[in-house]
Amino acid sequence: MRVAMIGTGYVGLVSGTCFADFGHVVTCVDKDAGKIARLRDGIMPIYEPGLDDLVAANVRGGRLSFATESAEAVRQADAVFIAVGTPSRRGDGHADLSYVHAVAEEVAGLIEGFTVIVTKSTVPVGTGDEIERIIRQANPQAEFAVVSNPEFLREGAAIEDFKRPDRVVVGTEDERARQVMRELYRPLNLNETPILFTGRRTSELIKYAANAFLALKITFINEMADLCEAVGADVQEVARGIGLDKRIGSKFLHAGPGYGGSCFPKDTLALVRTATDAGSPMRLVEATVEVNDTRKKAMAGRVERLLDGELTGRTIALLGLTFKPNTDDMRDAPSLDLVPALIAAGARVQAFDPEGMKEAAHLLDGVDFHDGPYEAVAGADAVVILTEWDQFRALDLDRVKLLLNQPVMLDLRNIYRPEDVRARGFRYASIGRA
Ligand SMILES: NC(=O)c1ccc[n+]([C@@H]2O[C@H](COP(=O)([O-])OP(=O)(O)OC[C@H]3O[C@@H](n4cnc5c(N)ncnc54)[C@H](O)[C@@H]3O)[C@@H](O)[C@H]2O)c1
């Protein structure tokens with residue numbers, strides 16, 4: 001199969017590369033010329049474990065190439081994937097579909113022969129209908145079908161997730177399109193991946209339902225953590241105690257500073273808008289959004305409490321800035337709430353993140369960035385663990401204690417055992433544990 005992947009970001013680059021690795025011939029297109037130039041030089045525009053080797057191998061194999069113009073790739077393609085961003089529209093929380101619509105307009109005139117237009121971007125219900133309308137209007141003769149194929153990969157484990165997904169969802173009413181999609185994903189038959197064929201609108205909604213449910217699950221355990229603190233219980237054990245119940249499951253039950261990232265915040269908001277507009281409000285999701293926003297804003301207060309109510313003139317060492325480990329993605333990361341709040345309260349912030357500092361430097365003013373965790377900790381009045389990168393899980397606590405002005409640690413990811421840290425003489429606080 002020949003594939004044109006329009007949009008070479010976190011999703012497009014990983015999906016395109018994995019399709020090439022399946023044996024298809026893929027062109028990844030992006031209008032960001034700098035990104036394409038770097039990719040042609042073998043330089044990854046994002047941090048994703050294993051991606052550089054997989055890209056290199058498939059470029060060498062002649063199955064993967066990069067372009068700034070879509071024309072040639074689209075003309076030859078059996079399937080054109082739309083994998084551009086769908087950020088929150090400023091002001092109302094709707095998904096901004098301007099990039100998706102622009103791609104539809106761009107490819108409409110380029111279609112030659114039966115072509116499947118696949119929406120991989122996360123798009124609200126009815127977007128497939130609109131893409132179809134745009135293409136039909138611009139090119140009434142075009143032979144095409146518009147398919148929804150939402151992506152469920154997680155940044156940081158994206159390649160594994162793409163190649164071994166729990167399921168693939170394909171929304172289309174068109175039999176020819178179904179055949180093309182079956183062929184594209186045929187290599188997954190080996191591991192018996194379920195492919196769920198469904199209607200296009202249903203498929204579009206499945207993506208939002210999945211993300212909203214996961215966001216709700218995280219928010220549930222976060223509120224449970226607050227209750228644990230209030231009544232003297234341990235949220236880790238509550239999570240384990242309920243997670244062992246197969247009806248509940250143990251994933252996404254890690255209490256923390258509130259969810260962030262490129263998907264949950266914008267997708268929950270967009271679902272709330274869709275539901276409200278459809279006259280069928282989703283109050284659980286509305287509450288999730290509100291509770292999570294409030295939680296992220298409340299984290300600075302936890303630092304303040306641990307420092308006896310005084311942040312002015314204090315120096316805080318922040319370990320981790322990205323919204324989760326193994327990515328450089330800073331979109332809606334909890335650090336974007338915490339750092340400005342600390343600085344507004346008069347604190348100085350020294351930070352280290354293994355992959356996120358370049359992006360963070362564009363987004364956070366007034367932070368001293370350091371080359372490693374120990375450098376960041378030196379001379380600080382407290383250390384705050386904000387992202388659970390592996391390298392923060394086994395810090396030399398005696399060394400940290402020596403470097404700090406005073407041994408104070410706030411562990412917002414519960415990666416240490418309170419008794420271990422306290423035994424070393426730290427004043428220690430975490431989430432949902434006495
Ligand atoms: N990041 C994730 O973990 C994830 C997971 C599942 C689904 N999604 C969804 O996938 C979509 C893409 O997300 P992302 O994180 O990859 O975004 P991204 O911002 O990393 O990448 C989007 C890319 O599209 C390019 N682009 C925009 N308009 C273009 C055009 N007309 N022609 C060519 N290129 C164009 C941009 O330059 C950018 O490189 C979103 O809808 C998102 O919700 C993301």
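Predicted model: local features only at pLDDT ≥ 70, side-chain atom pairs only at ≥ 80, totals over all residues.
## The parallel sheet

Let's start with the strands. Six of them make an open sheet, and going across you meet β11, β10, β9, β12, β13 and β14 in that order. The pairing is parallel. At the edges sit β11 (367–369) and β14 (427–429), each of which pairs on one side only. From one strand to the next, the twist averages 20 degrees.

Now zoom in on one pair. Strand β12 covers residues 382–385 and strand β13 covers residues 408–411; the two run parallel and are joined by three bridges. Which residue in β13 is the bridge partner of Val-383? That would be Met-409.

## A helix across the sheet

Helix α12 (residues 283–306) lies across β9 (315–319), β12, β13 and β14. If you compare directions, α12 runs at about 155 degrees to β13.

## Helix α3 and its two sides

Next up is α3, which spans residues 51–60. Which residues of this helix are buried? They are Leu-51, Leu-54, Val-55 and Asn-58.

What do the buried residues of α3 pack against? Their partners are α1 (10–21), β3 (64–67) and α7 (158–163). After α3 comes Gly-62, and its phi is positive, near 75 degrees.

Phe-252 has a positive phi near 60 degrees, and it isn't a glycine. You'll find Phe-252 in the loop between α10 (235–243) and α11 (264–277). Is Phe-252 buried or partly exposed? Its relative accessible area is 28%, so Phe-252 counts as partly exposed, since buried means under 20% and exposed means over 50%.

Asn-414 is the other one: its phi is positive too, near 50 degrees, in a residue other than glycine. Asn-414 sits in the loop between β13 and α17 (418–423). With a relative accessible area of 8%, Asn-414 is buried, because that value falls under the 20% cut-off.

Key:
Residues numbered from 1 in each chain as written. Heavy atoms only, no water. Pairing = 2+ DSSP bridges. Helix = DSSP H or I, 4+ residues; strand = E, 2+ residues; numbered from the N terminus. Axes fitted to C-alpha atoms, helices over the stretch in contact; angles between N-to-C directions. Contact = heavy atoms within 4.5 Å. Buried < 20%, exposed > 50% of the residue type's maximum accessible area, 1.4 Å probe, protein only.
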